[in-house]
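These are my notebook entries on one protein structure. I set down what I looked up, in the order in which I looked.

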Amino acid sequence: MNQRLSYALLIIGTLLIAAASLALIAQASPTDPLLIQLLPYHICAAILTYIAFIACTGVNIALYVQNIHKKPSSTEQSATKRRFLHTLLTPSAAIALCDAGLIFALETFITGMVWATDAWGAAWVWEPRLTGMLLMTTIFAAWRIGCSIVGHDTPNKIRYTAPLIILGLPSMVFTHFATDLIGGIHPEAIAPLVTHIPPQRLTQLQLSSIPLAIGHLAIAAAIFGIARHAIAQRHQQ
């Protein structure tokens, strides 16, 4: 992805989120709980956090395996496969995916804390899903810092950094299923509010969430492209 396309996606995504936000504000009712107003942002950010971290882990595992079991040379691979490997299965792609995941994790935490302050009287509660999300984000942030210190651009360096990111997999599983296995106030606080939204208001939220979701996806692609280009440029210097 070239720089112009990345910045174009960033602008388009920002405009879509701004338009969706204006629509949500215009439709808002004084009786709406704060969660209802923040829910579309919170869900979009949380889903993209999972997607980015899962993709980052997948790329790392592929790179780790690739460097242990040597693959056939590029001359023995098809042009399409070489293009795919050159674009996605690279250290810079893994780091860019992690950067995107950390940015959306930050949005998830901010929207969650704003709502929690209103609903629970505290910005943070040590309940399973929130704790799992913090653990997961900390693992990926630690890996990202490790890449900045140790590097991630050679097979030997990948062998040092990849095992840490693989720890992110059980943390993601724990975060997703923690409330089912252990319990917690996170889903119990959200579900009753959603089920009591009037049908007309729920439809408005769903329609406004479409450009919001597309905008988040566009920004995710832009972050990936910009970060990957910046990392590749740094390695060339």
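**Entry 1: helix 5.** I began with helix 5, residues 128-150, in this predicted model. At 1.5 Å a residue, its 23 residues should span 33 Å, and the end C-alpha atoms are 32 Å apart, which agrees. I then looked at the start of helix 5, where a side-chain oxygen of Glu127 comes to within 3.0 Å of the backbone nitrogen of Arg129. I also listed the buried residues of helix 5; among them are Pro128, Met136, Thr137, Phe140, Trp143 and Arg144.

**Entry 2: Thr137.** Leaving out residues up to four places away in sequence, I found Thr137 touching Phe53, Leu102, Ala105 and Phe109.

**Entry 3: the whole chain.** Of its 237 residues, 41% count as buried. The chain exposes about 12700 Å², and carbon and sulfur atoms supply 70% of that area. Among contacts with a separation of 6 or more, 85% are between residues 24 or more positions apart.

**Entry 4: helix 1.** For comparison of span, I looked up helix 1, residues 3-27. Its 25 residues reach 36 Å from the first C-alpha to the last, close to the 36 Å expected. The buried residues of helix 1 include Leu9, Gly13, Ile17 and Leu24.

**Entry 5: the nonpolar cores.** Which residues have the most contacts inside the largest nonpolar core? They are Cys56, Met136, Phe140, Trp143 and Met172, in a core of 23 residues. Helix 2 (34-68), helix 4 (91-119), helix 5 and helix 9 (199-236) each give two or more residues to this core. Helix 4 supplies the largest share, eight residues. I then checked Cys56: beyond its neighbours within four places in sequence, Cys56 is in contact with Ala94, Leu97, Cys98, Phe140, Trp143 and Ile165. Another core, of 15 residues, lies apart from the largest one and includes Ile17, Ala100, Phe104 and Ile197.

**Entry 6: aromatic pairs.** How many aromatic pairs are there? The count comes to four. In one of the pairs, the rings of Phe53 and Phe140 have their centres 3.9 Å apart and their planes at 5°. Planes under 30 degrees apart count as stacked, so this pair is stacked. The pair links distant parts of the chain, because Phe53 is in helix 2 and Phe140 is in helix 5, 87 residues apart. Phe53 is buried at 0% relative accessibility, and Phe140 is buried at 0% as well.

I then turned to Phe109 and Trp124, which form a tilted pair with 6.0 Å from centre to centre and 45° between the planes. Phe109 lies in helix 4 and Trp124 in the loop between helix 4 and helix 5, so the pair ties together parts that are 15 residues apart in sequence. Phe109 is buried, with a relative accessible area of 15%, whereas Trp124 is partly exposed at 22%. Together with Trp126, these two residues, Phe109 and Trp124, form one aromatic cluster.

Conventions. Residues are numbered from 1 along each chain as its sequence is written. This is a predicted model: local features need pLDDT of at least 70, side-chain atom pairs count only at pLDDT 80 or more; totals for chains, interfaces and linings use all residues. Side-chain values use heavy atoms; hydrogens and water are left out. Helices (H or I, at least four residues) and strands (E, at least two) are DSSP runs, numbered from the N terminus. The expected span of a helix is 1.5 Å times one less than its number of residues. Buried means under 20% relative accessible area, exposed over 50%, partly exposed in between (1.4 Å probe, protein chains only). A polar contact is a pair of N or O atoms within 3.5 Å; within protein, one must be able to donate a hydrogen and the other to accept it, and residues adjacent in sequence count only if both atoms are side-chain atoms. Contact means heavy atoms within 4.5 Å. A nonpolar core is a set of buried Ala, Val, Leu, Ile, Met, Phe, Trp, Tyr and Cys residues joined through side-chain atoms within 4.5 Å. Rings of Phe, Tyr and Trp (its six-membered ring) pair if their centres lie within 6.5 Å; planes under 30 degrees apart count as stacked, over 60 as edge-to-face and the rest as tilted. Accessible areas come from the Shrake-Rupley method with a 1.4 Å probe; for residues, only the protein chains shown count as cover.
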